[in-house]
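Please read them alongside the model.

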Amino acid sequence: MQAVVMAGGEGSRLRPLTINRPKPMVPIANRPVMGHALELLKRHNFDDVVATLQYRADDIQNYFGDGSQAEIALRYTVEPRPLGTAGSVKFAEKQLTDGSAEPFLVMSGDALTDFNLGEIVEFHKRVGALVTITLYRVPAPLEYGVIIVDGDGRVERFLEKPSWSEVISDTVNTGIYVLSPEVLEEIEPGTPVDFSRDLFPQLMKRGAPLYGYIANGYWTDVGNIAEYMRATGDLLSGKLHLGELGRHIGGGIYAEDDVEIAPDVQLFGPIYLGLGSRIKGSVVIHGPTAIHPYTIVDNRAHIDRSIVWRNSYIGEGVELRGAIIGQRSSLKSKAVAFEGAVLGDECMVGENAVIHPNVKVWPNKEIEAGATVKSSLIWGSQARRALFGRYGVTGLVNVDLTPEFAARLSTAFGATLPKGSSVTINRDPHRAARMIKRAMVSGLPSAGVTVLDLDSVPIPVARYYTSVANSAGGVHVRLSPYDQRVVDIRFFDKDGQNLGKAKERSVENVFFREDFRRVPFDDLGLIEEIGGIPERRYIQGFLQALNVQAIRAARFNVVVDYASAPTSLILPLILNELGCTVVALNERIDETKMSMTTAAFQHGLDQLASITAAVKADFGVRLDVGGERLWLVDGHGEKLTGTQTAAAFMELTLRALPESATARGIALMVNQPHLFEEIAERRHAHVQRTKIDGQALMNAITDPQVVLAMSGAGEFIVPSFHRLIDAMFPVGKLLEYLALQKTSLGDIVATLPAYHTAQRRVACPWEQKGTVMRLLNDQYKDQIVEQVDGLKIQPDGSGWVLVVPESDEAVFTVFAEGKSQESAAALVDRYARVIESMRS
């Protein structure tokens, strides 16, 4: 039988281990990863194998040769450039088919598995599949392609690396396929084509027989350092079965030939001792640990859960705790490498040196005796899953987010942008944001990017100026409004919107592999201070987008709480131009108020309501410190909820549209109640639901049919000015609507339909979230009405429930709407209990 092993992977997330070798050549105990794949193929009678190569192809060809040592026939194709998974197999077509109608197997050379490959081929033949995709259940499917199949195994849907809100199954694509030869006719030669992203969805649309086989056994993608450590431990612990690791000498200790172990050594398995390794006196080793061939572990060394590659020296009294040591490296006496530390090949570590957790040392480096090596990859007490979260890059100031970290982060961002481009950078008034911003300013010019320093302006001003200044992107640094110990770093694209997921991953890849672009002296970027220009351009555009004369004629009285933030530098100038009489609260900028408790915030709203009623103002408004959210109080001092504010603004917007207007779409987050559809129906409009994410609103507003986008939590996009989240322009637009329609905010609120909602957060371990989503999807499949963000379920016509797995917390949020407040609360409680039962 024939098989293809795709072995072109570079393994950038495994750096520095893959600096000197391709990903398939990373050793796991007694063989490289690809060696384990070939051993599995031989076990299941695949005797003719073609390996597709690209990155460092010679390393693989020189090691495996013609395959005779593995007792299989092994041939190679070397792609001139990366062609994708399907493109690489197409490139090998001439060596594959030979006129045979028999299916062949395709697998990755950098994944570890012990699946019964023969059973997968038998399934493929039995169901008459054109393509069979081998699937596997994993607890956290975010980093994989999720595939949903029906009861017969036929593929129903593909989800490529979904977010938690999109996860409805935990069966993922393992990259192991059985293909009938005619599939190759569907692939354009010489063109980059991916199986899961391109070819398979195309075949499914045409109704081709694509099947998924859910395999039993073990599988993991050795994609990053953590997965590499785990895969090694699983192999040593017997969680997968790929043949003998060596002679078992008892206690889970496997030793190859010519191993020497001193009599007083303490070994606690599972442990692999490679060919010719030397374990000297009083050494203590706790498993899972792999000591590769010809390595010397000297007297009194202590090794715990670590991997040491071949030909290395671990000196007297050295401590390794969860570390990886590259080949031909040397650690002198009493050196220490802590959890997650990785040394590349041929590194020299001096006596008493300390390598801190998660430090990565590139090959051929020398660390002086007594040195303490730290890194910006130290994130408090533990390493991060990723850089980016819901609020950008977030962490404890001077613990997670230090100046040196910020400089490296901005350099990574700059490396993803064109050389010679410009980036705006902005901050809030707090000293922590100022410190981090200045560090980031230093990183961008080193990548050849010019910095346009906006100083401290509201976020909408920074976004707007980024979009109109021909910048390649932007950065905003702020103290988190939710925790005064935390700093958030937000990145914008050239349109002022948040970076997309693909761009975030690009920045992360550069940051983690430390592949920074360092330009020559003549190409260094500039640092330009342009204070005043962004504000003037924003105010000019703001006023041009309003009916200023109508607002002036109405002579509004308003109360505005500026939250002691930079909005007080912009909005008062605008309201003065609009002829408003303003009672200003918290107008003086105060860096100590960039973050506040919930109680303090509510007290501020109560104060706003009291003053608005006392001075008989038309309405009161509070802006958040960034200028992206607002809260309203009507002329009677009644505080509006976020939903009421959004509904009132929607009603005013639709009333203002001429009857002939064809664009009547409203974009709204999926967790908001049905009253918006009621308003839309009576105003001949339609509601487009979005994910519970600000970027989703900015994406939705690009549709020319959408005239307003809202979160229901105080965030608005009014496209007559710009297509970005902004709390200041909606204040101006509200004044215009009330002036032209000769009504009041209180009168508008009185016309709104009633609604009853509730919500609750339910804790759930990360590793169980995928399983819970799959079980919910299976159990309530017939009642699911929407899958925009999480699962929206409509049980028996009694309202709806929305279950959303949070992307950066081990939590589900359950939203519900009912016919009464009691029924909404009951729905939330019911589905919270369902989640709790599924997670246990």
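1. At what angle do the axes of helix H16 and helix H19 cross? This is a predicted model, in which local features need pLDDT of at least 70, side-chain atom pairs count only at pLDDT 80 or more, and totals for chains, interfaces and linings use all residues. Residues are numbered from 1 along each chain as its sequence is written, and side-chain values use heavy atoms, leaving out hydrogens and water.

2. The axes of H16 (residues 642-656) and H19 (residues 728-741) cross at roughly 55° and come within 10 Å. Axes are lines fitted to C-alpha atoms, for helices over the stretch in contact, with angles from 0 to 180 degrees between N-to-C directions. Helices (H or I, at least four residues) and strands (E, at least two) are DSSP runs, numbered from the N terminus.

3. On the H16 side, the residues in contact (heavy atoms within 4.5 Å) are Phe 649, Leu 652, Thr 653, Arg 655 and Ala 656. Their partners in H19 are Pro 730, Lys 733, Leu 734, Tyr 737, Leu 738 and Gln 741.

4. Helix H10 (residues 459-468) is mostly covered, with 8 of its 10 residues buried (under 20% relative accessible area, 1.4 Å probe, protein chains only). Among the buried residues are Arg 463 and Thr 466. The elements they pack against include strand S38 (422-427), helix H18 (694-700) and H19.

5. H10 also packs with H12 at about 90°, their axes 9 Å apart. The contact involves Pro 460, Val 461, Tyr 464, Tyr 465 and Val 468 of H10, and Ile 533, Pro 534, Glu 535, Arg 537, Tyr 538 and Gly 541 of H12.

6. After H10 comes Asn 470, with a positive phi near 60°.

Note on methods
Buried < 20%, exposed > 50% of the residue type's maximum accessible area, 1.4 Å probe, protein only.
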